[in-house]
Amino acid sequence: MSADFIPFNKPYLTGHEVIYMQEAVQRGQISGNGYFTKKCHTFFEEKFSPAKCLLTTSCTDALEMCAILLNIKAGDEVIIPSYTFVSTANAFVLRGATIVFADSMTGHPNLDANTIRSLITPRTKAIVVVHYAGIACDMDLIMSLAKEYNLFVVEDAAQAIDSYYKGRALGTIGHLAAFSFHETKNIISGEGGLLVVNDLQFADRSEILWEKGTNRTAFFKGMVDKYGWVDIGSSFLPSDLIAAFLFAQLEQLEAIQHKRTQIWETYYSQLKHLEDQSHIKLPTIPEYATNNAHMFFLQC
Ligand SMILES: Cc1ncc(COP(=O)(O)O)c(C=O)c1O
């Protein structure tokens, strides 16, 4: 890339990533669900209590797990925002769903919760919301619509680590949620993701899907005396090397968020004069939302 270009992203490293990866190697188990995977699970389960949390190889994979857990099939309709990344749609298209797109709000890229009601039909099964740039959608409105029509809500929280809606952590409000630790996110592991199961009726099955459709996790917990094939599934769990990298980042979550917020505020103050001259529109944060400084976007 030419030195004239500003990179889209610069990955931030804490310095402990390789040390923990080395430790994972020395511990002698670098496949999935090892020492560092469990440490990451504990970190998230304490933060998102009472949810069940499972590391995945990507947010895309976590979204695919959501589609399987909700038994999405041909003929089902899933409402998603028209402004998002392909994985929000793909995960549900893979199960045969028809995607129904909801438009953005005027003046904000997040989906306009007021348009959802008119998109619901007897075939609608789920609403997938995206907290664009880590800024919350209006979740009270979305959850009450879901309750009224008996729909599931999945939070595509790929960009929303450590961000909040009326004081509640994003990723803990919908029935299920998916986070990304792709290199471009606030907290990274190269590729990586997290499934958050808030509706605990899905907890046991999520472990089975995660381990190739087997009850291997129950076996390692001593709950069954041998494990076998019990359901569909895939290899959704990451190597413990990835988890070791991720854990080094999680330990520094507060410092990373602080640094990003400072950078975000510098962009804001340095670009403000262009907004004052009506050349661009800077981001607005609704009063119910926090800003995790994931992305700095502007409207031209
Ligand atoms: C809204 C959204 N959903 C899903 C994804 C996919 O994440 P991953 O690359 O971890 O699969 C992204 C990645 O940028 C995203 O922004």
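User: How do the residues of the lining of the largest pocket divide into nonpolar, polar and charged?

Analyst: This is a predicted model. The lining of its largest pocket has 15 nonpolar, four polar and five charged residues. The pocket has a volume of about 730 Å³, and among the residues closest to its centre are Phe8, Ile263 and Tyr267. Phe, Ile and Tyr count as nonpolar. Arg260 is also one of the closest, and Arg counts as charged.

User: Which classes make up the lining of the second largest pocket?

Analyst: That lining has nine nonpolar, eleven polar and three charged residues. Helix H3 (59-69) and helix H4 (86-93) each supply at least two residues of it.

User: Why is the pair of Phe43 and Phe44 called edge-to-face?

Analyst: The ring centres are 5.3 Å apart, and the limit for a pair is 6.5 Å. The planes stand at 85°; over 60 degrees counts as edge-to-face, so the label applies.

User: What makes Phe44 buried or exposed?

Analyst: Phe44 has a relative accessible area of 0%. Buried means under 20%, so Phe44 is buried. Phe43 has 23%, which lies between the cut-offs of 20% and 50%, so Phe43 is partly exposed.

User: How do you know that Arg27 lies over the face of Tyr35?

Analyst: Arg27 is at 3.4 Å from the ring centre of Tyr35. The distance limit is 6 Å, and CZ of Arg must also be within 35 degrees of the ring normal.

Notes. Residues numbered from 1 in each chain as written. Predicted model: local features only at pLDDT ≥ 70, side-chain atom pairs only at ≥ 80, totals over all residues. Heavy atoms only, no water. Phe/Tyr/Trp six-rings, centres within 6.5 Å; stacked < 30°, edge-to-face > 60°. Buried < 20%, exposed > 50% of the residue type's maximum accessible area, 1.4 Å probe, protein only. 1 Å grid on protein atoms, 1.4 Å probe; cavity = no way out; pocket = protein on both sides within 12 Å on 5 of 7 lines; lining within 4 Å. Points joined across faces, edges and corners; volume = space filled by probe spheres on them. Helix = DSSP H or I, 4+ residues; strand = E, 2+ residues; numbered from the N terminus.
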